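Subject: Structure handover

Hello,

Please find the structure below. Some notes on what was found in it follow.

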Amino acid sequence: MIKDDEYGLAVKNTDMLMREIPPRMAGTMLLWTVQQVEYFTFREVIQMIIWINGAFGVGKTSVAENLSKKLQNSYIYDPENAGGFIWNNTPASMSRKGDFQDIPLWRIINRHMLSYIIKCSDVDLIIPMTMVNKAYYNEIINDVSEAKLTIWHFILTAPRDTIVKRLLGRGESQDSWAVRQMDRCIKGLADMDGIFIDTENRSIDNITDIIIRRIS
């Protein structure tokens, strides 16, 4: 089910989007004053994973970098690095065919890396990554979600012609891999659960601010 939220964003399946977790802080703080002791409740800090999805060229990396500048104690995690590691550390007989997301090891590595970072640090993770296979996305996220964690999934959209124009503007050709994946991405992303943000006629700052308002 898709509905518009208070920011005018298309929200699909909010139950899957963000898992209900304990408040951000739990405990009691004493504030000593001259006349009395006052008790203030505060909440335990809960980390976030902010997954920024969308077709190649829609602006995920630019939004992630801008968001990281505005979101204190955040870290940009790039799952693609695991694909490069696999390809660069396997024999030539294991040819590079298709998408490395189809390699089970790629999904295993990223699942364990996210769990490792969450358990060993207090940073909020920003992940700019195109994922159009819902089963693959859930395979990575569901294991990590066992932790005390808020998971946000934002899906950036734009008309096909706009995205192609952006790709050409950054030096891609009409026959590039990214352009050839466009229709597959648009179709797959339509079936994903998350918060859809139309990037047409929106600046990177505007998109970033929408995300910040949503997660705050």
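Is C120 buried or exposed? C120 counts as exposed because its relative accessibility is 56%; here exposed means over 50% relative accessible area, buried under 20%, and partly exposed in between, with a 1.4 Å probe and protein chains only. C185, at 0% relative accessibility, counts as buried. A search of the whole structure gives 0 disulfides, a disulfide being a pair of cysteine sulfur atoms within 2.5 Å.

Please note that this is a predicted model, in which local features need pLDDT of at least 70 and side-chain atom pairs count only at pLDDT 80 or more, while totals for chains, interfaces and linings use all residues. Residues are numbered from 1 along each chain as its sequence is written, and side-chain values use heavy atoms, with hydrogens and water left out.

Salt bridges

The structure holds 9 salt bridges, each a side-chain nitrogen of Lys or Arg within 4 Å of a carboxyl oxygen of Asp or Glu. One of them joins R107 to E139, with 2.8 Å between the closest N and O atoms. This pair links distant parts of the chain, 32 residues apart: R107 is in helix α4 (residues 104–120) and E139 in helix α5 (residues 134–144). Helices here are DSSP runs of H or I with at least four residues, and strands are runs of E with at least two, numbered from the N terminus. R107 is buried at 8% relative accessibility, whereas E139 is partly exposed at 28%.

Another salt bridge pairs D193 with K134, the closest N and O atoms being 3.7 Å apart. D193 lies in the loop between α8 (182–189) and β9 (194–198) and K134 in helix α5, so the pair ties together parts 59 residues apart in sequence. D193 counts as buried at 14%, and K134 as partly exposed at 34%.

E172 and R170 also form a salt bridge, at 3.7 Å from N to O. E172 is partly exposed at 26%, and R170 is exposed at 53%.

Largest pocket

The largest pocket holds about 320 Å³ of space. A pocket is an open set of points on a 1 Å grid over the protein atoms alone, with protein on both sides within 12 Å along at least five of seven lines; lining residues have an atom within 4 Å of a point. Of its 15 lining residues, G57, K60, T61, P128 and R170 are the closest to its centre. Helix α2 (residues 60–70) gives the most to the lining, with 4 residues.

Regards

Key. On a 1 Å grid over the protein atoms alone, a cavity is a set of points where a 1.4 Å probe fits but cannot get out, and a pocket is an open set with protein on both sides within 12 Å along at least five of seven lines; lining residues have an atom within 4 Å of a point. Grid points are joined across faces, edges and corners, and a volume is the space filled by probe spheres set on the points.
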